[in-house]
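Hello,

Here is the structure for you to take over.

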Amino acid sequence: MTDLITIRRPDDWHLHLRDGDVLATVLPYTSGSFGRAMVMPNLQPPVTTVEAARAYRARILAAVPAGDRFTPLMTAYLCDHTPPDELRRGHEEGVFSAVKLYPSGATTHSEFGVTDMAKVAPALECMQAIGMPLLLHGESTDPAVDVFDREAVFLERTLQPLLRDFPALKVVLEHITTEEAAQVVRSDHSGRLGATITPQHLLFNRNAIFTQGIRPHFYCLPILKRERHRLALIQVATSGDARFFLGTDSAPHARAFKESACGCAGIFNAPTALAAYATVFDQAGALDRLEAFASLNGPRFYGLSPNEDTLTLLRAPQAVPDNVALPGGAAIHPFLGGSTVPWQVRLAP
């Protein structure tokens with residue numbers, strides 16, 4: 001049994017930091033362990049311009065605790081009529097690392113998202129030409145589609161035509177949740193299609209949402225799926241396949257908004273993500289492949305160098321607090337809060 005594993009410092013390729021007091025509260029849980037993070041743009045209002053992204057990046061950097069070595073990578077929120085020149089300028093000036101596509105109405109703060117793929121064709125043509133990656137929230141928003149089938153339907157109706165019509169566009173299928181999504185990525189050998197996987201989709205199936213009542217802190221979008229899908233995700237995540245990499249989709253919401261008549265989708269997993277991933281890889285007998293998934297595959301896909309510094313995971317029980325306090329008396333419930341995780345994180349000096 002391995003009790004200590006040292007890896008290159010990982011990156012989080014899908015992260016929600018929010019803004020204001022929430023940003024200041026949650027950022028240290030990421031910046032203390034991860035070298036870089038791809039920051040999602042679904043603020044209110046969304047980050048749609050170079051100036052808005054530059055200002056948001058400045059607010060993030062101002063909130064990084066002293067001593068933390070952390071780089072936020074900014075994304076543009078794609079709307080129906082996003083000017084291609086705005087994306088080009090943001091890319092050329094080193095402000096936009098990628099563009100995020102939310103189907104309108106798919107998840108939190110996605111109301112400004114894309115309503116018709118034809119409307120964003122000019123933006124996609126521009127991105128293809130300049131090598132700018134597209135990050136997809138891969139779910140159908142057709143109200144006739146069952147919530148547990150939305151990812152599979154998106155793959156057929158939206159992803160496949162997208163890959164066909166834009167053959168040089170780099171695409172990341174974010175937070176995949178199904179065996180079908182894993183297979184689509186594995187069957188593509190172009191080098192332009194990747195996928196991120198969250199800790200919650202590796203650790204739990206949909207039963208977790210309904211254990212002895214409704215468990216709102218397990219509710220996220222895409223929603224947890226059947227056990228066969230979870231097992232398929234574990235298989236590809238722990239396989240060493242370079243097309244799959246770490247993306248927590250950590251998404252903080254105050255408890256009052258989660259534990260309500262219409263609870264928000266999102267799981268705040270930043271405090272426990274690395275312990276959760278290590279648990280999954282350990283159970284699969286694949287701790288020797290954790291570094292590839294967490295620290296190497298993502299930078300390779302994005303054309304970046306891995307982080308130079310390292311991080312050590314120690315097999316030692318650690319209690320997870322039930323709440324992370326916010327200013328004003330509110331609180332966020334972290335993923336696995338109130339339980340004990342079997343791994344602790346230690347950064348190299």
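The notes below cover the sheet, the helices and the cavities.

First, the ground rules. This is a predicted model, in which local features need pLDDT of at least 70, side-chain atom pairs count only at pLDDT 80 or more, and totals for chains, interfaces and linings use all residues. Residues are numbered from 1 along each chain as its sequence is written, and side-chain values use heavy atoms, with hydrogens and water left out.

Sheet

There is an open sheet of eight strands, paired in parallel, in the order S2-S3-S4-S5-S6-S7-S8-S9. Strands (E, at least two residues) and helices (H or I, at least four) are DSSP runs numbered from the N terminus. Two strands pair if DSSP finds at least two bridges between them. The edges are S2 (12-15) and S9 (244-246), each pairing on one side only. Neighbouring strands are turned by 30° against each other on average, direction ignored. Take S7 (171-173) and S8 (193-197): three bridges join these parallel strands. Leucine 173 has alanine 195 in S8 as its bridge partner.

Helices

Helix H3 (84-92) lies across strands S4 (71-77) and S5 (96-101), at about 145° to S5. Axes are lines fitted to C-alpha atoms, for helices over the stretch in contact, and angles run from 0 to 180 degrees between N-to-C directions. The axes of H5 (150-165) and H6 (179-186) come within 8 Å and cross at roughly 35°. H5 contributes Glu151, Leu155, Leu159 and Gln160 to the contact (heavy atoms within 4.5 Å), and H6 contributes Glu180, Ala181 and Val184. By class, that is four nonpolar, one polar and two charged residues. Here Ala, Val, Leu, Ile, Met, Phe, Trp, Tyr, Cys and Pro count as nonpolar, Asp, Glu, Lys and Arg as charged, and the others, Gly among them, as polar.

Cavities

How many cavities of 30 Å³ or more are there? The count is three. A cavity is a set of points on a 1 Å grid over the protein atoms alone where a 1.4 Å probe fits but cannot get out; lining residues have an atom within 4 Å of a point. Grid points are joined across faces, edges and corners, and a volume is the space filled by probe spheres set on the points.

The largest cavity holds about 120 Å³. Of its 19 lining residues, His16, Thr107, Leu221, Asp249 and Ala251 are closest to the centre. The lining has six nonpolar, ten polar and three charged residues.

The second largest cavity has about 60 Å³. Its lining includes Ala251, His217, Lys258 and Phe335.

Best wishes

Note on methods:
On a 1 Å grid over the protein atoms alone, a cavity is a set of points where a 1.4 Å probe fits but cannot get out, and a pocket is an open set with protein on both sides within 12 Å along at least five of seven lines; lining residues have an atom within 4 Å of a point.
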